[in-house]
Amino acid sequence: MTDLLATSPDTWRDRTLDPPVIPPELHPPVDASPAERNRALWARHDLRRQRAEDVYDASRNPVRGWPVSGNRAVLAFFRDLLTSRKGMFAALVAFNALAAATGLVVPRLLGELVNTTVDGGGLPLDTLALAIVGVVLLQAAFTFIAQRTSTIFGQDLLSTAREYIVRTILRLPLGAVESASTGDLVTRVTRDVGTMSRSVQYGLPMAIISLLTVVLSIGAMLLNSVVLAVPALLTFATSAPAVRRYLRRAPKGYITEGATYSRINTTLTETVEGARTLEALGLSGERVRAGDDDIEVSAQAERYGMTLRNVLFTALNFAFQTPRVITLLVGAYAYTRGWVDLGQITAAVLYVEALGDPLDRLIGEVDRLQVGAASTSRLLGIAEVRPDREAGDRLPDGTDLVGDDLRFAYRKGHDVLHGVDLRLGVGERLAIVGPSGSGKSTLGRLLSGINRPRTGSASVGGVELVDLPLEVLRTEVALVTQEHHVFIGSVRDNIVLAREGSDDDAVREALRAVGSLLWVERLPQGLDTVIGSGRYSLTPAQAQQVALARLIIADPHTLVLDEATSLIDPRTARTLEGSMNNLLEGRTVVAIAHRLHTAHDADRIAVVIDGRIVELGSHHELVELDGEYAALWRAWTS
Amino acid sequence: MQDFPPRIATFFSGTSDAPTPDPDTRSPAAFLRWMLRQQWQVIVLSSLACLLWLMPLTFGPYIFGRAVDDGILGGSTADLLTWAGVMLGVVIVGGVFGVVFHTLVVRSWLISLYGTTQMVTRKIAQMGHVLPRRSPTGEVLSVASSDSDEFGALTEILARSAAQLVSYLTVAAIVLSMSWQLGVLVLVAAPVLLGAALPLLRPLHRRQQTERSRNSELTSMATDIVAGLRILRGIGGEETFGRNYAVQSQSARRAGVSSGIWQAAVEAVGVLLSGIFLVSLVWLGTRQVNAGELSVGQLVSFLGYGLFMVGPIRTFFELAQKSTRALVSARRAIAIFEQRPPWREPADPVPLDGRAEIVDDLSGFTAHPGLLTVVVSAVPEQSAALADRLGRYLPPDTDPVGEDDADGLKGRAARRARADRERRRARIAARDEEAATRAWGVRLGGVDLSAARLDDVRRQVLVSDTGSGLFAGTLQDAIDPHGRLTREQAEEALRIANAEDVYDALPEGWQGQLDERGRGLSGGQRQRVVLARALAVDAPILVLVEPTSAVDAHTEARIAARVSDLRRGRTTVVCTVSPLWLHHADRVVLLRDGIVVADGEHADLLEHDADYRSVVVRSLDDHDELGEGVPR
Ligand SMILES: Nc1ncnc2c1ncn2[C@@H]1O[C@H](COP(=O)(O)OP(=O)(O)OP(=O)(O)O)[C@@H](O)[C@H]1O
Ligand SMILES: [Mg+2]
């Protein structure tokens, strides 16, 4: 036998040489001159940008885990959402514009008031004051209507978006679901949906409102006095390059931030779930350090975003604050020339000042939208997982399951199955046994249509399993593995998944078959007891029974049970298998098991070694044959 | 001054130093105060920076008014330029400090956010297996991932409100210096405006609470869907779950709309009131100008300030809302942070000797030093319970207390539900503590485990139960998580656990990546890696619960032989009914109802004890297998 560990010296790593989580260049220098510190700051910023770009590139096409979609997909997504709500959107814009416009009349009236006060001309004071009151009332009314519209619009958009995401998740290709990590997906449906909802709910309407206010203010400024408006507007424009650069860089920065939070969450989830293991092995310290490392990396991503924003703010502050001074100076000059009156200057200054607020908000909202867009692209990334099958239109003719020359590789070039042929008789009980890691579960996955074989075919009634529409596939074959999950919901909800209409009798029957009726009836509310995470919790053995009961309700003609009873004690398990078999009369069952009583009770046994079926026959035949199975049986019963 | 990420040593220091004092968990408000105190310098500095950032707003109208009076109307270019210069200075200071403010706010926000996450991690490290008994995983995670954000938001709004308050008072002082009537108007306005809006805030708050609880329900549904996705995609139920989610999403939407409409009302009232305020200010102002008590420039300043008032008022609204949110989050955080480990370290701990005999009083079980003892029980839970006792773990028999269905309950009912939950949690804690502080009932070398330090117990007795799983990382990290093995030792561990094929299956060898929970390995491979990890720790007493339930008989036989060989001379307890282990057992113990009813050698028991036979003999009393299935 070759030494499987031959390469061990080459791949073992000396941990003292592990690079630090973040390169030392990302730490600010200690005792350096201000100039050096400044240079180091920008060097760090560049390095962080590089890291952000690397993360972004990696996440567009990840080796493992879920992808992130591009900007175009995000834009298209929101465009679709908006175009299907044209009327609502128009109302939103119209009411907000009205609210903003009435708000803008106020400074103009105030300017008028100053004029009246200074030279006594124009409208009488009391009339003006009344006019302002009227305008303010209108503004309040419009504000209410506009905000109400925004809320309804935003909430509608949001609920549509999140329902779409969940529907997408519920349609993820079977193969991808089986192999990808859940931690990242959970972060996406929690944190990213949260961020997206904040940006859709507040960000989008607010950005629209602020933008409208800004545009209308600029219009009002021009109406008030072109001379006063133009210099201010030109200064505003100086911020354009900084804004453009920010908009180009921010998305990658925010996607990187999102990825670091995913990582923090994933590590933390593992820590919570493995709390006992960590305690037993004395690993708590290591784990705390791992969490701190994640946070360290995340902090670098945050620092990148912070510097990006600071650069933007510097440019914006200059562009939007200096017009106060400019307007004052230009105003004074124009006044001496008689081009403008004092009222116009006042109004212009009030506009410039009043512009500060919506502009600040606009920037804040654009930033929030960027964060939201980053989250959205992480969410839409889920939709980019390519389907692993294309449902054909042929339906199976018959219920016989046939595997022919099945080969499969998880990694290119490393087949774990090497041409397996298997023909299952209808109503047959087949047991698959063999050494650990020999490819039994893989075979089970091919036989239940979860993965497409690399070569060969796994078919039912003459049709490839992976070419069947999923709804059809499920009525044909179902797979239950050791991995179980109890949904938050009543016992009944947990069992009737596959057939919603099932009545309580059927549920009880299924529970009885898996030996669970007794404990279920002892629960506080029987079938209605709410179980699942954070509710009444089941033992692993009970959870496994629930999984089997689900399968009985689903009632496909072929069942693949991959160690589906391994968490239940052997004696009970055997009884359970017996009673299930009675109930499943006429159904084909493939049972993968290390407990050979399952094999003993089966019609036929397939022995899988190194990805090949080396023996196939009944218990007696194989014992007779005195080959691998006989040896295994002897060892097991020794 | 603190920076992010913060250095946290609460609950668990990771070194020999004692952890820093626990947070104040007496009440949500006390907790928030404690948290703010941790970084008061940052918050104070950021409100100062915010104050300076607000300078153009605070002084702009005044400067402009002076420029109008002295410069434009007074016709003095020098004065005009002076005031323009002052304005420029103010604008520049404001711009610079805007950036400083942003930097500090990010800092304080992230100190809270990361700090909370770090505290959660440390709490888990401190509590170990006890925490999941009391709080469901989802709740622990949501404190770290979403409540932490509310704390960050609180630091920001606090700094901003403080600055706005000072700035508001400054404005009032400026106006007061020009005209006392108007000054009083400004001073009175903000409280009056806030007071007028307060009645609207209460129903708004209630609606927001409903919205939040619907949303968190939605989040937990989505998490549940993702966690069970394999089953949903495999067996079906996408329809139901998709529909349930949509129903909940719609109900969250309705709650959102209803709270949004109230929000709109609050905003509109804000616009109305500040508008009315503006009008009164202006009307009064013009009268005063006409009466000659006020200059035109001063009137212009007032107009500016009239518009300015919106800022502070909006900020104070925000403060009211965000602090209630932070209080709700604080309550959730406290539910995690206030948990105390049930253990009390003995005053003068007795050092344990792992080479001595270990005895469990409850079951009457004894593991003789240096021997391999196999515990056989028809009910696996009972031998697992024995293993837990030997390792000083609390039994896994409680239901954690969740934040369940408080939705729909209002006022008193919600409070009652909360109190009820707290009582239940306290009851579990009291029971844990009761069990953890009295004599444990397991003696190692005559010393009750409760007389020794807990970490000493963990060092002497390693229990690898069926829940032991792998963490994401390289194979090397999985076998050698502490980083203290040599390569040879790690190879040895792999060999003993017969897991060399795992090494071989990964192209990068030791650096091959394992995903969360060892996904990417076969079931048996996972179990063997876990076993290799436990063996590599080389604990004086090793307790293995069903260590080979997922592997085939040949592999199991090899592992049993190698493990018994490796552990020769050190105490080892294996809970299993597999004959393959029993062959290698120095001693076998049979449990019935959790009590030792027989012990001795496998062969003896097999011969004389019918009970024992019925549990361990696998040959299926069939007719034709004589010769094959007869036990040796
Ligand atoms: N998701 C995966 N990604 C990559 N490799 C995998 C994956 N699942 C299994 N493998 C590899 O494929 C081979 C066969 O695994 P499989 O799970 O089919 O074995 P098995 O016969 O079911 O073993 P066991 O009895 O231990 O469950 C193993 O070498 C395993 O490392
Ligand atoms: Mg398997």
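User: What makes residues of chain A and chain B count as being in contact, and how many are there on each side?

Analyst: In this predicted model, 156 residues of chain A are in contact with 185 residues of chain B, where contact means heavy atoms within 4.5 Å. Residues are numbered from 1 along each chain as its sequence is written, chains are lettered from A in the order in which they are written, and side-chain values use heavy atoms, with hydrogens and water left out. Local features need pLDDT of at least 70 and side-chain atom pairs count only at pLDDT 80 or more, whereas totals for chains, interfaces and linings use all residues.

User: How much area do chain A and chain B bury between them, and which residues of chain A lose the most?

Analyst: Buried area is the accessible area (1.4 Å probe) that two parts lose on being put together, summed over both; for chain A and chain B this comes to about 15200 Å², with 63% of it on carbon and sulfur atoms. On the side of chain A, the residues that lose the most area to chain B are W12(A), L170(A) and R276(A), which together account for 6% of what that side buries.

User: Which helix gives the most to the side of chain A that touches chain B?

Analyst: That is helix α11 (residues 284–336) of chain A, with 26 residues, a helix being a DSSP run (H or I, at least four residues) numbered from the N terminus.

User: How do you know where the domains of chain B lie, and how far apart are the centres of domain 1 and domain 2?

Analyst: The bounds come from an automatic or database domain assignment, which gives domain 1 (1–178 + 310–339), domain 2 (180–293) and domain 3 (443–622) of chain B. Taken over C-alpha atoms, the centres of domain 1 and domain 2 of chain B are separated by 21 Å, and their contact takes 16 residues from domain 1 and 22 residues from domain 2.

Terms used
Helices (H or I, at least four residues) and strands (E, at least two) are DSSP runs, numbered from the N terminus.
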